[in-house]
Amino acid sequence: MLSEITVTDLSEKLKSEEKFIVLDVREPHELNYARLTDSRLETTPLSRLAREGIHALSESARSKDATIYVICHHGNRSAQVTAWLAQQGWKHVFNVSGGIDEYAQKVDQSVGFY
């Protein structure tokens with residue numbers, strides 16, 4: 001079963017001082033339309049992950065003990081990456097259900113829509 005977090009819960013976590021990674025797996029051109037701004041945000045496109053595997057991840061995201069919230073446009077690509085990371089042994093990886101689109105609709109319209 002895929003572990004998930006709602007956009008509302010992610011919003012609350014973003015207000016905290018907790019240590020985690022928000023891994024955005026959208027393609028670079030998509031970032032121009034909608035984007036979260038947080039120092040814990042890392043961007044690694046799904047296409048790069050498909051080519052390079054785990055080596056595409058930052059050093060901090062390569063830690064299988066890291067807490068990672070994976071986000072994309074609607075939650076489909078991030079669900080794929082979440083499942084893949086869990087299969088690879090990551091213990092604390094969560095799909096952001098609804099993606100950045102739902103985040104913009106329910107939490108903060110200023111992140112943008114597309």
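**Entry 1: Asp24 and the sheet**

I started at Asp24 and looked up its bridge partner in strand 4, which is Ile71. Strands here are DSSP runs of E with at least two residues, helices are runs of H or I with at least four, and both are numbered from the N terminus. The model is predicted, so I kept local features to pLDDT of at least 70 and side-chain atom pairs to pLDDT 80 or more, while totals for chains, interfaces and linings use all residues. Residues are numbered from 1 along each chain as its sequence is written, and side-chain values use heavy atoms, with hydrogens and water left out.

Strand 2 (residues 21-24) runs parallel to strand 4 (residues 67-71), with 4 bridges between them. For two strands to count as paired, DSSP has to find at least two bridges between them. Strand 2 also runs parallel to strand 3, joined by 3 bridges. On that side I found Leu23 opposite Glu42 of strand 3.

Which residues cover the two faces of strand 2? I get Ile21 and Leu23 on one side, Val22 and Asp24 on the other, all buried. My cut-offs for relative accessible area are under 20% for buried, over 50% for exposed and partly exposed in between, with a 1.4 Å probe and protein chains only.

**Entry 2: Salt bridges**

Searching the whole structure gave me 8 salt bridges. The criterion is a side-chain nitrogen of Lys or Arg within 4 Å of a carboxyl oxygen of Asp or Glu.

Back at Asp24, I found a salt bridge to Arg26, with the closest N and O atoms 2.8 Å apart. Arg26 and Asp24 are both buried.

Next I looked at Lys13 and Glu18, whose side chains form a salt bridge at 3.4 Å, N to O. Lys13 is partly exposed at 22% relative accessibility, and Glu18 is partly exposed too, at 37%.

Glu102 and Lys106 make another one, 3.3 Å from N to O. Why are they about one helical turn apart? Because they sit 4 residues apart in helix 4 (residues 99-106). Glu102 is partly exposed at 24%, whereas Lys106 is exposed at 58%.

**Entry 3: Rings**

The whole structure has 3 aromatic pairs. I count rings of Phe, Tyr and Trp (its six-membered ring) as a pair if their centres lie within 6.5 Å; planes under 30 degrees apart are stacked, over 60 edge-to-face, the rest tilted.

Phe20 and Tyr69 pair edge-to-face, at 5.2 Å centre to centre and 75° between the planes. This pair links distant parts of the chain, 49 residues apart: Phe20 is in the loop between helix 1 (7-14) and strand 2, Tyr69 in strand 4. Buried or exposed? Phe20 is buried at 4%, and Tyr69 is buried at 5%. I also noted that ring pairs join Phe20, Tyr69 and Phe94 into a cluster.

**Entry 4: Two buried polar residues**

Asn95 sits in strand 5 (residues 92-96). Asn95 is buried, with a relative accessible area of 1%. Its side chain makes a polar contact with the side chain of Glu4 at 2.8 Å. A polar contact needs N or O atoms within 3.5 Å; within protein, one must be able to donate a hydrogen and the other to accept it, and residues adjacent in sequence count only if both atoms are side-chain atoms.

Leaving out residues up to four places away in sequence, I listed what Asn95 touches; among them are Leu2, Ile5, Val70, Ser78 and Thr82. Contact here means heavy atoms within 4.5 Å.

Last, I looked up Ser11, which is in helix 1. Ser11 is buried at 8% relative accessible area. Beyond its neighbours within four places in sequence, Ser11 is in contact with Tyr103 and Val107.
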